[in-house]
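Hello,

Here is the structure I promised to pass on. Please open it first, then read my notes below.

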Amino acid sequence: MMRKSTWAALAAVLLLGTGGLATGASAQTLKFGLAEDPDVLDPTMARTFVGRIVFSALCDKLVDIAPDLKVVPQLATEWSWSADNKALTMKLRPGVTFHDGEKLDAEAVKYNIERHKTMQGSQRRGELSAVTSVDVVDPLTVRLNTAAPFAPLLATLTDRAGMMISPKAGKALGDKFGTAPVCAGPFKFVERIAQDRIVVEKFDGYWNKANVNFSRIEFRPFIDATVRLANLRSGQLDFIERLSATDAGAVQKDNKLKLVSVTEIGYYGITINIGKSDKAKTSALGSNPKIREAFELSLDRNGINKVVFDGLATPGNQWVAPNNPAYAKSVPIPKRDVAKAKQLLKEAGNPNPVVNLVTPTTTDASKLAQVVQVMAKEAGFDVRIQATEFATSLNMADKGDFEAYILAWSGRPDPDGNLFSFHACKQPLNYSGLCNPALDEILNDSRLTTNVAERQAAWEKAAKIVNAERPIIYLLHRKWLYAHNAKLTGFKEYPDGLVRFTGMKM
Amino acid sequence: MTAVESVMQPAAATKPAAEESPARRAFRRLLRRKGAVVGLVVVLIFVSFALLADVIAPYSPVEADWSALRGAPTLEHPFGGDELGRDVLSRVIHGAQASLFAGVVSVFLALLIGIPVGLLSGYAGGLVDGLIMRFTDAMLAVPFLILAIAMAAFLGPSLTNAMIAIGIAAAPIFVRLTRAQVQAVKVEDYVEAARAVGNSPLRIAFRHILPNIWPALMVQATLTIASAIIAEASLSFLGLGQQPPEPSWGSMLNTAKDYMTDAPWMAVYPGISIFIVVLSFNLLGDGLRDALDPRHRE
Amino acid sequence: MIRFLFRRIAILLPTLLFVSMIIFGLQQLLPGDPAIAMAGEERDPQAIAEVRAKYNLDKPIWVQYGLWIGGILQGNFGESIRIQLPVSQLLLEKLPVTIELAILSMLVALAIGLPAGVISALHNGRWPDYVANIIGLWGLSTPNFWLGIMMILFFSVELGWLPASGYVSPTEDLWANLQAMIMPAFVLGTGIAAVFMRHTRSAMLQVLASDYIRTARAKGLYERVVIGKHAFRNAAVPVITLGALEFGQLLSGAVLTEQIFSIPGFGKLIVDAVFNRDYAVVQGVVLCTATAYILLNLLADIAYFLVNPRLRA
C-alpha cells in the first residue's frame, strides 16, 4: 500500500516539476562557489578571508589596491599626508550613495571609523589604533589624525577598516547590522541562508555601475575542493575560488574551463616557540639557534613545493614573496645542505634532536608535515607530527603550548601587516615569543615614515635579524587558484586573493 | 549510525539446551549459512593480512619515494603510488591493521562499559536502573557521529582516541541490550534457584546470567565492529582518525579524495577493502543471528 | 493505556535533562576557546575579551548552564557566535531541508530493504537470499562520504545527469530540488536499507513459520496471497515501528552526507558548529534533534503498544 502512494506522489512531482525546467537561471546571474561559509557580514566584526570575497561585492572601501599592490582610489579619489605625517586627508568621490539612498559624505566616514574603533567586539580596533580622531573638513573631505606617524594606515583602509556602511542602517541595526548589511558597493544584499547561500543583486545607484554586468550574484559554500570543482564542471557554478593545486592540471586541459592564478601576499611556514613559554627552553629547536639553522638547511623548499603544491607555489624565506618589491634581496633563500645541517647538529651536541611539530588536520598542513618529516630525517631530526584540530591549535599557539607549529597567514597588502604583529615584542600574533629590542626599534621606525625607500631599508635590516633568530621558518607562498567557466571574461587576479566583480561579464 | 537497530529485536537463544552444548549447535548452524561462512573466511584472511603485514607488504608503508609520486599501477607497485610516492598496496595491507584494530578495540571497549552497566541496571532495578536507562536514552538521542566527533576533538586526533570515542559512543547499545537480556533471564528458574541457595548477586550475574546473554551480545558485537570500521573511516575523513604518516583505510580515502581525477587508484583500493571487510562482518553477524535465534529454525 | 502513556511521558523529562547535560558537558570538553576560534586571523585581545563577555564564556560552567537552560525555557536558544544569528532562526531554516531529506531517504531505504528482506526470507538459504542480502547490506558497508563522492564524479561530472551538489528549495523549483536531493537520499537510504531488510527478513521468517500461515497454506490459498496478504502484513508491524526510530536517526545522522552534497540541513549545521566551536548552535541543534528522536521513540512505543494486544492488559 505504501509503495502505491509513493509512486503516485512521484508521478505528481514529475508532472509539476517539468514546469520548473523552463525557468532556468538567466545568464545575468553569477554563481560563485566559496570554500567556506562566511562569518558575520559586518565589516567591523568580520574575521574570515572568505567573508572578504562577499564584501567585495557588497561594500566599497575608501581605497583599493591595484594588482601591483599600489593603493588606488575607490570611494576616496585623492589623499595626502600632512607634512609631519600625522594626518591623512582624503577627498571623497562626489555623488556616492549607500544602498539605502543615504549620502556617503565625510560625516559618514567619521561615523564608520568611530564605529570600527568603539563597537563592542570590533575586530578593527587594533588596525585603527593609531587613529586618534577624525575631522570633517567639508562634506567631501575627511581627515584622520594619528598621535604619531603611522605609515601602514593607508593600506589598512584598503580592507575592511576602509569599508563604509550606511550610518542610518548601522544605527538602526546596531550589532545586528550583519543580518542585513547596507554599504556602497556594486551589489546590494538580498538574502542569506546560513551554509546555503548569500544572494546579492545589482545596485542601480552604484557610482561605477557601467562596469557591473551581472544582475545577481549567488555565493554558495562548498567546503570540499573536489565537490566544488565538480559543481563547476557540471555547470552548477560559474566561478570557484581556492581550487586545489592538484586539480589545476585537469582544469587547464579542460577547454570549457579557465584557470587563473596569482601568488599570494601571505605565506606558509613553521613557527618555532623560542620564548613564548617554558617549552622554548626545553625543546631542542627553541633553545638553540644552531639547531634551528640545521632544521632550515635540512628542508628542500622546491621539493616541498613539488610534492605538496604540485609545483604551483613560490619558495620563499621571508614574510613577502621574492617577487614582492619589499623582499630583502640581501637575505636570499638558503639552499638545502644536509651535510652542513649534520655538522651544525654535531656542534650543538645533539645529533638527533626531537621536533614535536603541531600540525593542523587540514590536507595541506598534513602533507607538508609528512614531507618535512622525511626531509629532516636525513639530517638526523626526529620530527614527530602532533596532529591537532585547527581550533585547538590556535589556542595552543596562543598559550605557547607547542614547540613548532605549521601556520599559514593570508597576508596584508602592506608588508607591515605580515611583519609587525608577528615579530614585535608581545604583539598578539607573536606566537614565537621573539623579543628583540633592536628589531622592535627598526619595526617602529619603519612605521614613522611614508617614504618607500626608507621603509624598504628598515625591512632589509629586519629580515637579517629575523633570519638569524628564525622565529618563523618561512617556506612557501602559495598561489591563489581560481577556475571559471570559459565564457566568463574580465576577471583580473589580485595578490590579496579577493575577487573584484566590476568588469567581469559572461 | 545504525545504533538502535537490534534493540527492538529480542535476539538469540536464552535457554540452555538439553542435549547439545549451545555453542556447538550454534556453530554447526552457522556453518550451514554460506554467506556467514564466506564472511568469516574473508574476515580471517584480512586479520592474517593485518597480523602479518610486516612480512607480506612488499614495501614500507611510510617510506616516501619521490620517483613514484602518484604513480599509476605498475608491476612493482600493483596498486600504484600515493601522494608521497608510498606504495599503495603496502599501505592497504598495513591499513588493515589500523582499521580492523579500530573496529575490534572500540567494540571491546563498548562491551567493557556496556556489560557491567547493563548487568547492574537490569539486576538492580529501581532508581539505579531508572537513572542508568535515562542516561543511556540520552546518549542514544545524541547523534552517534557528533558524540564521536566531540570526543575525538576533546581527546585529540589520533587512532587510539578515535577508538575510545567510538567505543564510548557505541556503549549505550550494549547497556540496553544487556539490560533487556538480564531482565528476560533473571526470572528464569535456574536464576531463581541460584539466588535461593544464597549465591551473591555478582556471582549470579557472572556465572548464571552472563553465559546466557552472551550469544545476543556476540551478534551485536559483530555487527557493531562493522559500523565501527565505517565510523573510524568517517572520523578519518574529518581528520580525526589515524594520523599521518601511518595508514588506515579511512585516512587513505581522506587524502585520496583530493586526487580523484588524476590518481583514482589511491581511492579505489582502500575503498574496496573497507567494503569487503565491512560486508563480511555484516554477513557474519547476520549469520550468527540466524544461527543463534531459535525462531529461525527451518 | 493512559497509565502507560503517562509513565512514558514522565520519563521524557529526566532523559531530556541528561541530554542537556551531555551536550553541555561535551562542549566543555572541547578544547579551544570559541572567542579565539572565532577571531580567526585577527587576534585583538580586547575584541576576544569582549566576545567572551558578550556570550557569557567568562562565567563559571554552572552559571553558563543555568543561563542556557533558563533561556531555553523562555524559548531562547541563544545566538550563533560565528554569524550572529539567533539559533532558533537557523533551526527553523534547516528543519524543512532535514525533514525532506529524511523522508526521501526513508523511501529509498524501504524500496530496497523491504523487497530484499521478503525475497531473502522466502528463499532462505538459497542464492536469491544471498543476492538480496548483499544488495541490502551494500549501502551499510560503504562509507557514506565515499559513496557520495563516487556518485558525484560519475553522475554529475562524467555523465552530467544530475547537479553535483547544492540545494534548491522546493518552493522555488520542485524539479531542481528533487534533482539535488536524489543522490544524497540514495546514499543515506542505502545506508539504512539493511536495517529494514534484516527486520523484514526475520519478521517474515517468524510469520512464515507460524501456525497461522501454515493454516492459510493448508487451506490451499495461492502463495502470492499468503505472502502478500497475510505474512507481509503481519511482518510489517515491527518494520513500521522501526521506521519511526530510523527516521529519528536520520534527522540528525546525515552529517557527512550533507557535507559532501552541500545540503544545508542539521548535519552540516552541527558539524561546522563543532569545528568552529559555535557552542550555542551545537547545543540548540543537538537538543532539537534529541528531542525529536525521543518523541519518535515514544510514538514507536505507543504504536507497538497499540498493535500488540498482549501488552494492552
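Start with one term: two strands pair if DSSP finds at least two bridges between them. Helices (H or I, at least four residues) and strands (E, at least two) are DSSP runs, numbered from the N terminus.

Next, the ground rules. This is a predicted model: local features need pLDDT of at least 70, side-chain atom pairs count only at pLDDT 80 or more, and totals for chains, interfaces and linings use all residues. Residues are numbered from 1 along each chain as its sequence is written, while chains are lettered from A and ligands numbered from 1 in the order in which they are written.

**A hairpin in chain A**

Look at strand E4 (residues 76-81) and strand E5 (residues 87-92) of chain A. They run antiparallel, joined by five bridges. A:Ala76 has A:Leu92 of E5(A) as its bridge partner. E4(A) and E5(A) form a hairpin, with five residues between them. In the turn, A:Asn85 has a positive phi of about 60°.

**Two helices in chain B**

Now find helix H2 (residues 34-51) and helix H4 (residues 88-124) of chain B. They pack at an angle of about 110°, and their axes are 7 Å apart. Axes are lines fitted to C-alpha atoms, for helices over the stretch in contact, and angles run from 0 to 180 degrees between N-to-C directions. H2(B) and H4(B) are therefore roughly perpendicular (65 to 115 degrees; under 35 is roughly parallel, over 145 roughly antiparallel, the rest oblique). H2(B) brings B:Phe46, B:Val47, B:Phe49 and B:Ala50 to the contact. H4(B) brings B:Ile93, B:Ala96, B:Gln97 and B:Leu100. Contact means C-beta atoms, placed from the backbone, within 7 Å.

**Where chain A meets its neighbours**

Chain A puts 21 residues into its contact with chain B, and chain B puts in 20. H13(A) gives the most to chain A's side, with eight residues.

Then turn to chain C. Here 46 residues of chain A are in contact with 52 residues of chain C. Which helix gives the largest share of chain A's side? H1(A) does, with eight residues.

**The core**

A nonpolar core is a set of buried Ala, Val, Leu, Ile, Met, Phe, Trp, Tyr and Cys residues joined through C-beta atoms within 7 Å. Buried means 20 or more other C-beta atoms within 10 Å of a residue's own (exposed is 12 or fewer, partly exposed in between). The largest core has 344 residues. Those with the most contacts inside it are A:Met164, B:Ala148, B:Ile149 and C:Ile270. Helix H9 (residues 174-208) of chain C supplies the largest share, 20 residues.

Best wishes

Technical notes. Two residues are in contact if their C-beta atoms, placed from the backbone, lie within 7 Å.
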